[in-house]
Amino acid sequence: MTIRTLYLAGPDVFHPRAAHRGHQLKAACARHGFTGLFPLDQQVPATITTPGERAAWIYRANIALVERADAVLANLDFFRGAEPDSGTCFEVGYAVARGKPVLGYIPEGGSLARRIRLRHPDAIGADGLLDRQGWHVEQFGLPLNLMLCVPAPVVVGDAGTALAHLAARQRAG
């Protein structure tokens, strides 16, 4: 499958300069021969005024962009804690269910326990097997929950690194 368009999933839509961040991501896509589809490229119509209606419109618009894309590039970095953004996780799952390729990226490698210990030391026990509340931490050596890493390869680096990986993979067939 030739990939031309990428839905750019991630918490980047919450960045203080989200529109600028979207422009940067789309420019990085273009440098690697892809067209990036950023959720904030779409504007909620002014006639939609209630929070519930706005949320429903955004949901439908983002699903339409995932449907339009050939694949999904997902920023799976920790967001507001020691897990990726929940909306991004949903979009990844939706894309996988629709048979679309997904490629994730994170800033550092290592197991989930190691990454949590590195970035959120208060969230995990000293042994790395249990979190501070006594819940088990996955022990598969993967950098994220297996439900993300098994269907979606995860590249260590930024969006540019992931795009270079995707472009090289596509050139190689």
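1. A friendly start with helix α1: it has 14 residues and reaches 20 Å from its first C-alpha to its last, close to the 20 Å expected at 1.5 Å a residue. The expected span is 1.5 Å times one less than the number of residues in the helix. Helices here are DSSP runs of H or I with at least four residues, strands are runs of E with at least two, and both are numbered from the N terminus.

2. A word on provenance before going on. This is a predicted model, in which local features need pLDDT of at least 70, side-chain atom pairs count only at pLDDT 80 or more, and totals for chains, interfaces and linings use all residues. Residues are numbered from 1 along each chain as its sequence is written, and side-chain values use heavy atoms, with hydrogens and water left out.

3. Which residues of α1 are buried? They are Ala18, Gly22, Leu25, Ala28 and Cys29, where buried means under 20% relative accessible area, exposed over 50% and partly exposed in between (1.4 Å probe, protein chains only). Among the elements covering the buried residues of α1 are β1, β2, β4 and α6 (159–172). After α1 comes glycine 33, with a positive phi near 90 degrees.

4. Now the sheet. It is open, with five strands in the order β2-β1-β3-β4-β5 and parallel pairing; two strands pair if DSSP finds at least two bridges between them. At the edges stand β2 (35–37) and β5 (154–156), each pairing on one side only. From one strand to the next, the twist averages 30 degrees.

5. Two helices to view against that sheet. Helix α1 (residues 18–31) packs on it and touches β1 (5–9), β2 and β4, its direction making about 150 degrees with that of β1. Helix α2 (residues 51–68) also packs on the sheet, touching β1, β2 and β3, at about 145 degrees to the direction of β1. Contact means heavy atoms within 4.5 Å. Axes are lines fitted to C-alpha atoms, for helices over the stretch in contact, and angles run from 0 to 180 degrees between N-to-C directions.

6. Inside the sheet, β3 (residues 71–75) and β4 (residues 102–106) pair in the parallel sense over four bridges. Leucine 73 stands opposite leucine 103 in β4.

7. Helix α3 deserves a look too. Its buried residues are Thr88, Glu91, Val92 and Ala95. Seen down the axis of α3, the buried residues fall within an arc of 100 degrees, so they line one face of the helix. Ser86 and Ala97 are exposed on the face turned away from the buried side of α3. The buried residues of α3 pack against β1, α2, β3, β4 and α5 (146–149).

8. Finally, the whole chain. Six helices and five strands run β-α-β-α-β-α-β-α-α-β-α from the N terminus on. Buried residues make up 41% of the 173 residues. The C-alpha trace spans about 50 × 45 × 30 Å along its principal axes. Of the contacts with a separation of 6 or more, 66% are between residues 24 or more positions apart.

Key
The arc is that of the directions from the helix axis to the C-beta atoms.
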